[in-house]
Amino acid sequence: MMQLRPNDDLLLVIDVQNDFCPGGALAVADGDAVVPVINRLSKRFNHVVLTQDWHPVGHSSFATAHPGSAPFETATMSYGEQTLWPDHCVQGTHGAAFHPQLSTECAELVIRKGFRDEMDSYSAFFENDRRTPTGLSGYLRDRGLQRLFLVGLATDYCVHYSAVDARRLGFEAVVIESGCRGIDLAGSLASAWIAMKQAGVQRISDIS
Ligand code: VGL
Ligand code: ZN
């Protein structure tokens, strides 16, 4: 049983957007199942922050921006290998909007990411060069928030990168499994759990 610390703890809700839910452009299997779980968890936290994947039209992470490439292939970018995705979470579209049942009114901050043309961003803290900050760590430090509980989509990409970066930056990080679903591309879900464990990320099934 996990004892919450109301002044230290933050629920970080990653990318619960229409395009990652069934029917969306980059649908995660059962992705919308996280919505009631997250709504229930949100009530337990004094502090809730949401992230929103927010790409310009023709973004460099889209396979359509790389002639001859198909979604889920990789491309070499200035910062390394990048998986190419179907067009998704385009700024201002229905796909980029939060799931309509997600309760967003309790959120004190929405971090948008992936809005730079030339760079993708999985982590809530850094763009995919692992260097360009989103500002979230400064916000958390200024607010004195030390322990992050992560939920959302997808476990093996944005939740994984956010949790590992949280540890790198010296925060405590706990992933709540019932509030996450994964894409699982070529074993990515299993390797994400291994990487998170190695980084000192805690994994719990739920908060009762
Ligand atoms: C995500 C792939 C591309 C995610 C975002 O939210 O996990 N995955 N963009
Ligand atoms: Zn994206």
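**Sheet and zinc site in a predicted model**

Six strands form an open, parallel sheet, ordered β5-β2-β1-β6-β7-β8. The model is predicted.

Student: Which strands stand at the edges of the sheet?

Tutor: Look for strands with a single partner. One side of each is left without a neighbour, so these strands stand at the edges. They are β5 (109-113) and β8 (202-204).

Student: By how many degrees are neighbouring strands turned against each other?

Tutor: Ignore direction and take the average over neighbouring strands of this sheet. The turn is 25°.

Student: Which helix packs on the sheet?

Tutor: This helix touches β1 (9-14), β5, β6 (147-153) and β7 (172-181). Its direction makes about 170° with that of β6. It spans residues 155-168 and is α3.

Student: What is the bridge partner of Asp53 in β5?

Tutor: Start with strand β2, residues 48-53. Five bridges join β2 to β5, and the two run parallel. The partner of Asp53 is Lys113.

Student: Which residues are the protein donors of the zinc ion (ligand 2)?

Tutor: The donors lie 2.0 to 2.2 Å from the zinc ion. Their spacing in sequence is D-x1-H-x32-H. They are Asp53 (OD), His55 (NE2) and His88 (NE2).

Student: Is Asp53 buried or exposed?

Tutor: Buried means under 20% relative accessible area. His55 falls in that class, and so does Asp53. Asp53 is buried.

Student: What is the arrangement of the four donor atoms around the zinc ion (ligand 2)?

Tutor: Tetrahedral would need all angles between 85 and 135 degrees. Here the angles are 87 to 169°. That makes the arrangement irregular.

Methods. Residues are numbered from 1 along each chain as its sequence is written. Chains are lettered from A and ligands numbered from 1 in the order in which they are written. This is a predicted model: local features need pLDDT of at least 70, side-chain atom pairs count only at pLDDT 80 or more; totals for chains, interfaces and linings use all residues. Side-chain values use heavy atoms; hydrogens and water are left out. Two strands pair if DSSP finds at least two bridges between them. Helices (H or I, at least four residues) and strands (E, at least two) are DSSP runs, numbered from the N terminus. Axes are lines fitted to C-alpha atoms, for helices over the stretch in contact, and angles run from 0 to 180 degrees between N-to-C directions. Contact means heavy atoms within 4.5 Å. Donors are N, O and S atoms within 2.8 Å of the metal (3.2 Å for Na, K and Ca); water is not among the atoms, so sites may look incomplete. Four donors count as tetrahedral if all angles lie between 85 and 135 degrees; four count as square planar and six as octahedral if opposite donors are over 155 degrees apart and all others between 65 and 115; anything else is irregular. Buried means under 20% relative accessible area, exposed over 50%, partly exposed in between (1.4 Å probe, protein chains only).
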